Structure formats: C-alpha cells, structure tokens
Amino acid sequence: MKFEVKSSNALDFPVSAKTLIKYAMPTMLSSLFMNIYSLVDAFFVANWVGTDGLSAVNIVMPFLAVALAVAAMVATGGSALVAKQLGEGKEREAKENFSFFLLFCVAVSTILCLVGLLNRSPVLRMMGADDALYPLCEAYAIPLFASMPTAMCGAVFQMFFVVAGRPDLSFALSIIGGVLNMIFDYLLLAVFPLGIAGAAIATGLGYAVQGVAGLFWFAFRRKDILCLVRPKWNGKALLKACGNGMSEMVGMLAGSVTMVALNVIMMGIAGSNGVAAAAIVLSAQTILSAAYMGFLEGIAPVISYKYGKGDTDNLKRLYKATLKIIGVMSVATFLLAFPLAKPIALLFGNGVQNVINMAAYGTRIFCTAFLLMGFNMFASSMFTAFNDGKTSAILALFRTLIFLIIPLLILPSLLGIDGVWLALPTAEVFSAIMSVCYFKTKKAVYHYA
C-alpha cells in the first residue's frame, strides 16, 4: 500500500470506516510488528539467559520508556500542531516547527543517555534491581541507554511519516528494523554468546533503522509536503506541542512508574519468578493491543487536519466510525486473549512451570481490560488531535496512574496475586466513566457529534 503525496491533500479524503482503515493500515501493521519485535529480546533472553534475564529486562525498560515518553509527547503533540497548520495552509511554518521539534528531541535524548550511563547504579537500584539481578540489569542497560538518541528520533519520525501521508514508509522501516533486531538477537545470543548485552545491542540496532532512515528521507525529499529545513527557535510552538502531547508522556511515564510498582509488588509476593510472570503478562498485553494502538496513531493526524480545515461533517463521520472500529477490535482482542494466554506464556517461560502457570492465569484475568482499553485510548488520542492537551493529559493521568496505582496498592493485600491481575481491568472501568463524561461535555466545543 502506497500513498503518493505531493500536497496536503493526502489527509483530505472523505471519511468512512473503509477509508480510515485503509489510511491507518500501514500504521496498524507497523505498530503490531514493532511491538512484536520489541518482544523478541524477551524471547531470546528468556530462552538463552533464563527467567532472571527476563526479570532484568523488565526492570531496565522503564528508563528507556522515559526517553520514549518525551519523544511521544513531542511527536504526538507536535504532529497534531503541524497537521493543523498544514490544514490551514501554513506549510513553511509547519516545516520549521517539525525541524525544531526534532532538534529538541536530539538534545533531550543525549542528556538522558549521559544521565543513564553515568548514574546507572542508583538508577537501576531505584527501579528494583537487587544484588542478585543487578549484574544482568547493568549488562542490559549500558547498550540500551546508549541507543536512546536513535530510539527517540525514530519515534518522532514514525509519527511525522503519517502526517506526511507516508504511513507505508513507517511500516516498511519497522519491518526492516524488526528483522535486523531478530537477526542480531540470534547472532549475539545464540551464535556469539554475548549474553543479555547482545539482546540490548540488537534492540539498539533495530531502533537505529527508523531514526537514520527517517533523517535521510526528510532531509533530502525537498519537494514533499514535509521536510527538514533550517529550524527556528519557537518556544511558543514547543510549549504548545508539549502541552498538547502531555497525555502521551503522562501515559508512558505513568506506565513506567506502574511497571516499577508492579515489579516491587510481585517481587514481594512471588520473588523473581513473579516479576518474570508479570513481564510475560505485559508482553501479552503489548502484542494483543498493538493493532488498535496503531489505528489510533494513524488517524490522529486526520483528525487534526479535518479540525484545522473546519470540516465538521467528516469529523462527525470519523468519530462514529472510529467508535465502531474500536469496538470490534476490542471484542476481538478480548476473545483472542483466552486461547493465546498459554502459548504466550510457554513462549517466554523457558520451561519454568511456575512462571508459565502464573503468566497464563494472569493474562486471562488481565485481558478483561481489553474490552474498554481501546475506547479509553481513543478518548485521550482524540483530544490530543484537537490540540486540547489539558483534557487529554487528565484522561491519561487518571487512566495510567491514579486509577491503576490505587488498585495496585489495595487489591494485592486483599486478594494476593489475583489483586495484581485485577488492577488494570479496574482502572479501565473507572477510566471509561471519565471518558464518557468528557465525550459528552466536549462535543459542543469540537462538533464531532
């Protein structure tokens, strides 16, 4: 599937369920593939290093998530602003802001890289590494922290490929990066046994593909709707982009905090096997929710463009069609989770029966959250696309932190490990109530219903 783009008309199509799926399909496939290949590390580590290695990966990942959270904030908020400017016909300003946002992410990623490398001991201890797991955590962290600049740039380019009307390129690069990651995972763990550090190097190389290729594409495709130009300092645009994309950063940072809390709680209940089981459950969630995450990412620039153009008729069609599509995807994901729970646990469990049983059982409880998760994600994503960062951030903060941390702190003391698995479905129920309230109160502002 290829979208040839010579002007902003790439986002200017009549909206229906069919056209939305067609436009978002490359992004959906890209999200699915990227989430799968991000779990390849977990598979190779679990089977060539052991479940302690899987626990180490789960402990280290929240720090990388901080860098990706900043990238998501700038990319999501910035792409909404740039797409809106394209809809308004402000193409030169859109290009300058895009270039400035990228430069900002390069600076932030470099700082985070140095902070992580120079302070890795206190950082890893804070995230839950004990004396037994620390050597594995450190070996995985060093190459992973070093890959932050290319990882952040790749995340930015992924969003702006969609704005430029080329989601197919994002998909193609994710496949290339994923295949490269898989090849080097095999080479560096199975053939040349570098241990857990080899898995981190393979992940870094996978991230580098989209970052490096994106840089060349936007630097040399001068006649396209979106390209890199000499950036201009625009603090107002940066603040607007960051404020608008705050929900994505809040969601990812809150996810990191929640992951750390989950690791600590599971370590107290079931030791390192419990942390490994939690990592498998989260891996299952990542795989199963990837399609509608990609769909929402793909249609977000369309919402921003239609809003910037004042096309309320297509906005209304988009809102109704998206609710139907997300509803179908959510039910399908929920139903798939039951038969896939045990195979996924077996894939990552490395034959440790206690871990496999905990993970399969936890996934079956955890998966009830899928019935509402897509709906809640759409609420936050839509308001970001409208450049209403405040509403989006409130929804994300409550969904990914407040509504989740409270059950995590209360339910395990009452129900044991079952309370851990029930925390996410509980959070999604409360989040859905809040999402419905905002949908009703904001429709008079944005005219989507």
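Tyr-186 is partly exposed, with a relative accessible area of 44%. That value falls between the limits of 20% for buried and 50% for exposed. Please keep in mind that we are looking at a predicted model. Tyr-186 belongs to helix H8.

What does Tyr-186 make together with its neighbours? Along with Val-191, Phe-192, Leu-194, Ile-201 and Leu-205, Tyr-186 makes a nonpolar surface patch of about 530 Å². Two elements, H8 and helix H9 (196-220), each give two or more residues to this patch.

Let us stay with helix H8 for a moment. H8 covers residues 167-191, which is 25 residues. At 1.5 Å a residue, the helix should span 36 Å, and its end C-alpha atoms are 35 Å apart, so the two values agree. Which residues of H8 are buried? Among them are Leu-169, Leu-173, Gly-177, Asn-181, Asp-185 and Leu-188. As a general point, an α-helix has 3.6 residues a turn, so residues three or four places apart point the same way.

I turn now to the salt bridges. How many does a search of the whole structure find? The search finds five.

In one of them, Glu-138 pairs with Arg-120, and the closest N and O atoms are 2.9 Å apart. Glu-138 sits in helix H6 (residues 134-146) and Arg-120 in helix H5 (residues 120-126), so that this pair links distant parts of the chain, 18 residues apart. Glu-138 is partly exposed at 23% relative accessibility, and Arg-120 is partly exposed at 28%.

Glu-428 forms a salt bridge with Arg-399, with 3.1 Å between the closest N and O atoms. Because Glu-428 lies in helix H16 and Arg-399 in helix H15, the pair ties together parts that are 29 residues apart in sequence. Are these two residues buried or exposed? Both Glu-428 and Arg-399 are buried.

Finally, Arg-92, Glu-96 and Lys-232 are linked in a network of salt bridges.

A word on confidence. The mean pLDDT of the chain is 81, and 92% of its residues reach 70 or more. Confidence is highest in helix H16 (residues 417-446), at a mean of 89, and lowest in helix H2 (residues 40-48), at 75. Over residues 1-8 the pLDDT is below 50. Beyond near neighbours in sequence, that stretch has 24 contacts in the model.

Note on methods. Residues are numbered from 1 along each chain as its sequence is written. This is a predicted model: local features need pLDDT of at least 70, side-chain atom pairs count only at pLDDT 80 or more; totals for chains, interfaces and linings use all residues. Side-chain values use heavy atoms; hydrogens and water are left out. Helices (H or I, at least four residues) and strands (E, at least two) are DSSP runs, numbered from the N terminus. The expected span of a helix is 1.5 Å times one less than its number of residues. Buried means under 20% relative accessible area, exposed over 50%, partly exposed in between (1.4 Å probe, protein chains only). Patches are made of residues with over 30% relative accessible area and no salt bridge: like charges are joined within 9 Å, nonpolar side chains (Val, Leu, Ile, Met, Phe, Trp, Tyr) within 5 Å. Accessible areas come from the Shrake-Rupley method with a 1.4 Å probe; for residues, only the protein chains shown count as cover. A salt bridge is a side-chain nitrogen of Lys or Arg within 4 Å of a carboxyl oxygen of Asp or Glu. pLDDT is the predictor's confidence in each residue, from 0 to 100. Contact means heavy atoms within 4.5 Å.
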